[in-house]
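Please find below a short note for discussion.

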Amino acid sequence: STASLINPRAQHGASVLADGRILVTGGWASAGVISSAELYTPATKSWTGAPAMPVGRSEHTSTVLADGRVLVAGGKPSLSTLGGASAAIYDPPSNSWIAVPDMSAPRFGHQAILLASGKVLVSGGRNSGGYLGSAELFDPASNSWSSAPLMNSPRHYHTSTLLADGRVLVAGGQINSSIFTATAEIYDPAANTWTVVAPMSVARGFHAAAVLANQQIFVFGGRNGPSGPNLGTAERYDPATNAWTSLVGQGSPRFNHSIVAFGDGSVLVIGGQANSMPEVWKP
């Protein structure tokens with residue numbers, strides 16, 4: 001156990017800063033969506049307050065940029081609002097927030113990932129208009145957003161994982177009010193294109209993905225539909241062969257969890273809804 005957060009929160013953001021501290025942002029609490037932020041220092045096992053974000057948000061993304069700053073984007077500005085377009089950057093040296101232009105579309109439950117170019121790819125999510133197949137790019141150098149091509153499928157609560165060659169694999173997610181998908185596709189930054197790749201063995205949303213030591217992508221858990229069932233299965237994607245392999249055994253079914261891959265090929269599964277017991281997958 002370690003020190004408790006200053007403010008209780010759920011569906012918040014968390015990012016590891018260059019100095020090893022953890023920035024936690026937003027989320028929702030008993031009073032609704034919050035804008036507060038705080039910093040965890042591992043050496044002292046303590047939390048300190050950080051300046052509040054300009055806008056409260058939950059179910060947003062929090063991405064560490066190449067220069068060590070943190071981009072927060074989108075999310076729900078209130079529990080009843082289906083997505084916001086606002087974004088801001090946290091600057092650790094000055095302990096302050098910097099204004100950023102809005103995204104082109106409000107979104108929550110989306111994904112964001114840092115590319116080798118230093119740009120951030122934001123994909124999918126949902127807003128009042130429905131489930132999104134749109135994607136956009138944030139360029140820290142120009143402090144601006146630009147449109148990327150549409151994905152081949154709308155995706156909400158999907159995963160987005162950086163491959164060793166700099167491309168991005170997105171997998172699964174919810175595509176409408178009643179259907180989750182097993183489909184996957186890859187974004188190529190050099191060509192600025194999306195390409196459909198082999199689908200997973202089962203439809204998943206609210207799942208988690210991590211890069212294994214052999215550079216294959218490990219996917220675990222999630223839900224098979226809006227009401228379940230919850231999944232305890234795992235599979236692995238090999239970019240070299242464009243193939244998924246279902247892994248032997250069953251973990252504890254769960255969704256909205258986290259996973260962490262270690263250098264020996266094992267994966268730690270943490271928390272989630274439906275099951276809170278940590279467990280380890282071993283190759």
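1. In this predicted model, four strands form an open sheet with antiparallel pairing, and their order is 11-12-15-16. The edges are held by strand 11 (111-114) and strand 16 (144-148); each has a single partner strand, so one side of each is left without a neighbour in the sheet. On average, and with direction ignored, neighbouring strands of this sheet are turned by 25° against each other.

2. The pairing of strand 11 with strand 12 (residues 120-123) is antiparallel and runs over four bridges. Within this pair, Ala112 stands opposite Val122 of strand 12.

3. The largest nonpolar core comprises 19 residues, and Leu169, Tyr237 and Trp244 have the most contacts inside it. Strand 18 (168-171), strand 19 (184-188) and strand 22 (217-220) each give two or more residues to this core. A second, separate core of 13 residues includes Ala73, Ala85, Val122 and Phe138.

4. The largest pocket holds about 1700 Å³ of space. Its lining has 37 residues, of which His12, Ala14, Gln111, His257 and Ser258 lie nearest the centre of the pocket. Among the elements that give two or more residues to this lining are strand 1 (13-16), strand 11 and strand 25 (258-261).

Conventions: Residues numbered from 1 in each chain as written. Predicted model: local features only at pLDDT ≥ 70, side-chain atom pairs only at ≥ 80, totals over all residues. Heavy atoms only, no water. Core = buried A, V, L, I, M, F, W, Y, C linked by side-chain atoms within 4.5 Å. Buried < 20%, exposed > 50% of the residue type's maximum accessible area, 1.4 Å probe, protein only. Pairing = 2+ DSSP bridges. Axes fitted to C-alpha atoms, helices over the stretch in contact; angles between N-to-C directions. 1 Å grid on protein atoms, 1.4 Å probe; cavity = no way out; pocket = protein on both sides within 12 Å on 5 of 7 lines; lining within 4 Å. Points joined across faces, edges and corners; volume = space filled by probe spheres on them.
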